[in-house]
Every structure is written in structure tokens, then in C-alpha cells.
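This report describes selected features of the structure shown below.

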Amino acid sequence: MQKIMIIEDEADIRNELAQLLGNEGFMVAILEQTDTAAARINEEKPDLVLLDIGLQGKDGYTLCLEIRRVSQVPIIFVTSRETSIDELKALSVGGDDYITKPYNIPVLIARIKVALRRCGENTAADHIQVKGLVLNTLKGTLEHNGKSVEATKNEVKILACLMQRPGEIISRMNLIEYLWENQIYIDDNTLSVNMTRLRSKLTDLGLKDYIITKRGMGYKV
Amino acid sequence: MKVKDYLADRQGKLLLHLTAAAAMSAFLQLTGTSGGIVVILLIVWTIGLVSVLVADYLKINTYLNTMDTIIEGLDKKYLFFECLPVPPSNFLKKMFQIFRQSAKSMIEAVSDAEAQQKEYREYIESWVHEIKVPITAQQLICKNNESEVSKKILFQAGRIEAHVERALYYARAGSVEKDFIIEAVDLNEIVKKTISKYRTLLIRNGMQIEVEPLPAEVYTDGKWVEFMIGQIVANAVRYRSDNPRIRFHSERLGGQIRLSVTDNGIGIPPHELVRIFERGFTGTNGRKEGGSTGMGLYICKKLSEFLQIELSAESSENEYTSICMTFPAKESLTEM
């Protein structure tokens, strides 16, 4: 399980964020005393740090420099300051990414995953395997029992979204938002069309009812 | 100053000389001075008068030219009296002193106002940062406790956020402080980020998005432009038609890049089109829909001036509205 350290002095946000990341399947470490940041990082060895800029006492930039002296852990700045100058400064002191508050939560999660992947912790990103189906996101193919079919970009993304969270129901709205995040700007009707085509391809592979529809709730695999 | 104008100012003086010369000639003639001597006296008189006038004219004209050069070269014209050399005559000196006093008090007033504005703006900036903390907490709480109610609250939080953001950029647009960075940014990336930011609103309203490849790099501040495109997108949603669509298209115009954001919405009546960038202008559509503040595009216009972006609009009622942003060529970006 990957561990994320939250450095944030607003208790409400800290706690809610910890709960949210916990629900997403991460382990969470919370840092309240900023003066011990470097030592705590050495001790906890987090896989990623979420760092607020506007901290009491020491600011996030200084803290980032201190952390960089002892560790190469990916650091994502989460901040309510949003000028280009702030962003530039954050990246120049060694931050890996920069997200502004109030954050779009799916985006936050996605960026965390990207930063973790970039660090090589999560290498098997070009194919996902769930219940006997292998989705190759690079080649754009679906494989099952030695048979393989080609899928379109939209179909790959739809499946990727569902297969990343097996067993979980993903609502149509969340699915559409995920696709928009990936520059696929489709509406409800187009999603239905894509879903139907995807289902028939899965049926060809012998995986009828691989995607389960929960009426009024969404889809799951 | 033209010679004619100079002489017109001295009409009385010249008339007096003329009368005095005439009176003197008459008197001398009557008292028996010969005509030749009178003529010589008149010539000497004229030469004296003309040379005095010419010298005076040249002095004044040189000074006026200096004033012209100074005022033209000044960016902040109210600093004029601080730069002006002491004038050549006592009368002008007295005037100069009085004007200078007035200018001093104006300079003080201006710098006071600037300081106040800066303070106010800094307050708005820090207030915006502070208000974002509870908005963020609210979002996280809603997300951690998903229900029909929390979704509604989340939607309202989004509206609050949009208003807060506008207030922030309004404070920035009206400020003399310039805290933007001009750098090469990928237009594609900016459009992508803006769509992502507004995606819930866009999806909820069934908006179709067409992004033509925008392979252009522009020299500007990405964050500011994101905000501007955001306002345009929000307007396109607000004034949408039944099958709403937004198209992003860019083209090269020499060194410049023009991005147009075109919707197929209800459009803007021609007589109102010229006013949409005015402060507080809401128009027939804005009043019909309600909730329009008339600030979004006004702020965009102000920001675009800082970034040297040309902002223009085209529209046809019940057909489309197209807002174009023309980004300056790299070479033409003047020192900011």
C-alpha cells in the first residue's frame, strides 16, 4: 500500500483529506509539526507528499527545500495561491506538481496517481488485468483466453476507468467526467453508443456480461 | 506657438506703440522737426521694438517647445511640473510655483490612492486565499459523505468558487501592480485545463465540445488566459440553445495567433454587441436569464489589455456568438 504524507495546517481539510485518501486505498501520514518535517519523512518514508504553501511559521517552499535535502519523494503542492509566479516558485524549489484549492477531487486523485507512477512505483500501467481480461492501454487491445480484439480510444478509456476500480460501481456522470479529463468530450448518448459497441466486442471474446449495469447507479466490472 | 498668436496676445502693447509713434511724429512735425528726422526716428523705434519682440518670442517659444517635449515623453503626465525647468520670465515663474504646488498635492493624492488600492487589493487577495480554505473543506466533506444533498451543496460550492475567482481577478485587473508572467505557453494545454475545470457545468448542460487541434504556442500568462476562457465558456453555457455546442479554433495571422471560442447559443443583438465588454452591462439576454453581473467580460477586457491580447466579439442572434482572442506576436510584445 502506498503512503501519502499530508502537510497541511488546517485541521478540517487535513482530516477530510486523510479520510478521502484512505477511501482511495492509500495509507496516510499526517504531519502537524513542520519543524520536524525532514526527520518525519526519513522515518515514515512516504511515497508522496501533499504540501500546503500557506503554513503557519515555515512556508511550504522552505519546507520543500528542506525535504529535498533528505529525500527525492514526489511532492505535490496543494495551495490556495494560484498565480503563475507561485506555481513557478513551487516547481523551482523541487515540487513535482502544483494543484490549487479548491481542488477538483478526481483531478487531485489522478495527479497523485500520475506522480506515483512517474516515480516507478507503479510500473504496470500500460496494461490492466481484471477477471481474466487484459486491457492493453498502449496497443489499444482487449485480450482474453489468447483471443484479442482492437478497441477504440474511447472504449479503452471507458474500460480503463472501470477496471482500475474493480467491484466498484462507477456512475455514468463520473465515467463521463473521467473521459473528459482525458480529452474525450462525449455526452450521455455517445457514452451509451460506445458502451454498446464495447459490450459486443467483449461478447465476441466470450465475456458476455463482463460489464454489469446497475440500473440508476452506474456500471461495474 | 504661432507668431500670429504671439502678436494677438500683445495687441494692446502694439496699439500703444503705434499711437505713441503717431503722436510723436505729429508733435515733432508741428514743432518744426524735419520729415527726414521723423522717419529716421520711426525706423529706429521699429527696429528696437521688433528686435525686442523677436527675442521675447524666441525665448517663450523655446520654452514652450521644451514643455511639449517633456509632456510627450512622460508616461505619467501628472509628473510634468516635476520635470519642468524654471521658466524664463517672472510672471511665468510665479505661475510655475503655483502650478507646482497644485501638482505636488496631486502627486501625493495619486500615491495615496495607489497605496490604498494596493492595500485593498492585497486584502482581497488574502481574503480569497482564506475563503478557499472553507470551500475546500466543504468540498472534501461533501465528497466523503456523498448523497443527493451533498451533491447539491457541492454544486453551490462551485458557484461560490466562481464568484470568488471573479472578485480576485477584478482586484487584479484594476491594479497597477503587475504580477503576471509572460512566457511561452501551449494554447492547447490552456484550453484543456479550462474545459476540465468547467467540465461538471458543461456535462450537466449537455454541452458538446469541439476542440480543433491548436498547435500554437502563445506568449502570455497561462493562468490569466485560463480565467478569461473560463468566463467565455461560462457565458456560452448561460446563453445556450437547445443543442449547445462550443468550438475552439485557432489560426495564425502572421506572427499573431487568434483563438476563437464559438458557441451556437442565443446570440447578442447587434446594437448590444459593442457594449458587452463594458462594466456592468448585462443586455437583454442577461436580464432575461437573471443572475448576470456584467462583470465577466469586463474583467476579461481589462486583463487582455495587460497581456496585449486583442479581444473582440461577433454574433448573430439565435445563431452564434464568437469571442476572439488575438495573442500578440513574440516580437511585438512591448516591455511590461
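## Sheets, helix packing and chain contact

His144(A) has Lys147(A) as its bridge partner in strand 9 of chain A. The model is a predicted one. Strand 8 and strand 9 of chain A, to which this pair belongs, run antiparallel and are joined by 4 bridges. The hairpin formed by strand 8 and strand 9 of chain A leaves 2 residues between the strands, and Asn145(A) adopts a positive phi near 50° there.

Strand 8 of chain A also pairs with strand 7 of chain A, again in the antiparallel sense, over 3 bridges. Within that pairing, Leu135(A) is opposite Leu142(A) of strand 8. Strand 7 and strand 8 of chain A make a hairpin with 4 residues between them. Gly140(A), in the turn of that hairpin, has a positive phi of about 75°.

Strand 7 (residues 133-136) of chain A is joined to strand 6 of chain A by 4 bridges, and the two strands run antiparallel. Val130(A) has its bridge partner, Leu133(A), in strand 7 of chain A.

These pairings belong to an open antiparallel sheet of 4 strands in chain A, ordered 6-7-8-9. From one strand to the next, the twist averages 20°.

Helix 6 (residues 153-163) of chain A packs on this sheet and touches strand 6, strand 7 and strand 8 (141-144) of chain A. The direction of this helix makes about 125° with that of strand 7 of chain A. Helix 8 (residues 188-204) of chain A lies across strand 7, strand 8 and strand 9 of chain A, and runs at about 160° to strand 9.

Chain A also has an open sheet of 5 strands with parallel pairing, in the order 2-1-3-4-5. Strand 2 (27-31) and strand 5 (97-100) of chain A are at its edges; each has a single partner strand, so one side of each lacks a neighbour in the sheet. The twist in this sheet averages 20° from one strand to the next. Strand 1 (residues 3-7) and strand 3 (residues 48-52) of chain A pair in parallel over 4 bridges. Ile7(A) has Leu51(A) as its bridge partner in strand 3 of chain A.

In chain B, helix 12 packs against helix 9 and crosses helix 6. The table sets out the geometry of each pair.

| Helix pair (chain B) | Angle | Axis separation | Crossing |
|---|---|---|---|
| Helix 9 (residues 222-238) and helix 12 (residues 296-307) | about 150° | 10 Å apart | left-handed |
| Helix 6 (residues 148-173) and helix 12 | roughly 40° | within 9 Å | left-handed |

With an angle of about 150°, helix 9 and helix 12 of chain B are therefore roughly antiparallel to each other. Helix 9 of chain B contributes Trp224(B), Val225(B), Phe227(B), Met228(B), Gln231(B), Ile232(B) and Asn235(B) to the contact. Among the residues they meet in helix 12 of chain B are Leu297(B), Cys300(B), Ser304(B) and Leu307(B). By class, this contact has 11 nonpolar, 4 polar and no charged residues.

The angle of roughly 40° between helix 6 and helix 12 of chain B makes the two helices oblique to each other. On the helix 6 side of chain B, the contact is made by Arg166(B), Tyr169(B), Tyr170(B), Arg172(B) and Ala173(B). Helix 12 of chain B supplies Gly296(B), Tyr298(B), Ile299(B), Lys302(B), Leu303(B) and Phe306(B). The classes here are 7 nonpolar, 1 polar and 3 charged residues.

Gly296(B), Ile299(B), Leu303(B) and Phe306(B) of helix 12 take part in the contacts with both helix 9 and helix 6 of chain B.

Elsewhere in chain B, Asn205(B) lies in the loop between helix 8 (199-204) and strand 2 (208-211). Its C-alpha atom is separated by 8.8 Å from that of Arg240(B), 35 residues apart along the chain. Neighbours within four places in sequence aside, Asn205(B) is in contact with Val237(B), Arg240(B) and Pro244(B).

Between the chains, 32 residues of chain B are in contact with 31 residues of chain A. The buried area is about 3,100 Å², with 60% given by carbon and sulfur atoms. Of the area that chain B buries against chain A, Leu140(B), Asn144(B) and Arg199(B) supply 22%, more than any other three residues.

Technical notes. Residues numbered from 1 in each chain as written. Chains lettered and ligands numbered in written order. Predicted model: local features only at pLDDT ≥ 70, side-chain atom pairs only at ≥ 80, totals over all residues. Heavy atoms only, no water. Axes fitted to C-alpha atoms, helices over the stretch in contact; angles between N-to-C directions. Parallel < 35°, antiparallel > 145°, perpendicular 65-115°, else oblique. Left-handed = near helix turned anticlockwise from the far one by under 90°. Contact = heavy atoms within 4.5 Å. Nonpolar A, V, L, I, M, F, W, Y, C, P; charged D, E, K, R; others polar. Pairing = 2+ DSSP bridges. Buried area = accessible area lost by both parts, 1.4 Å probe.
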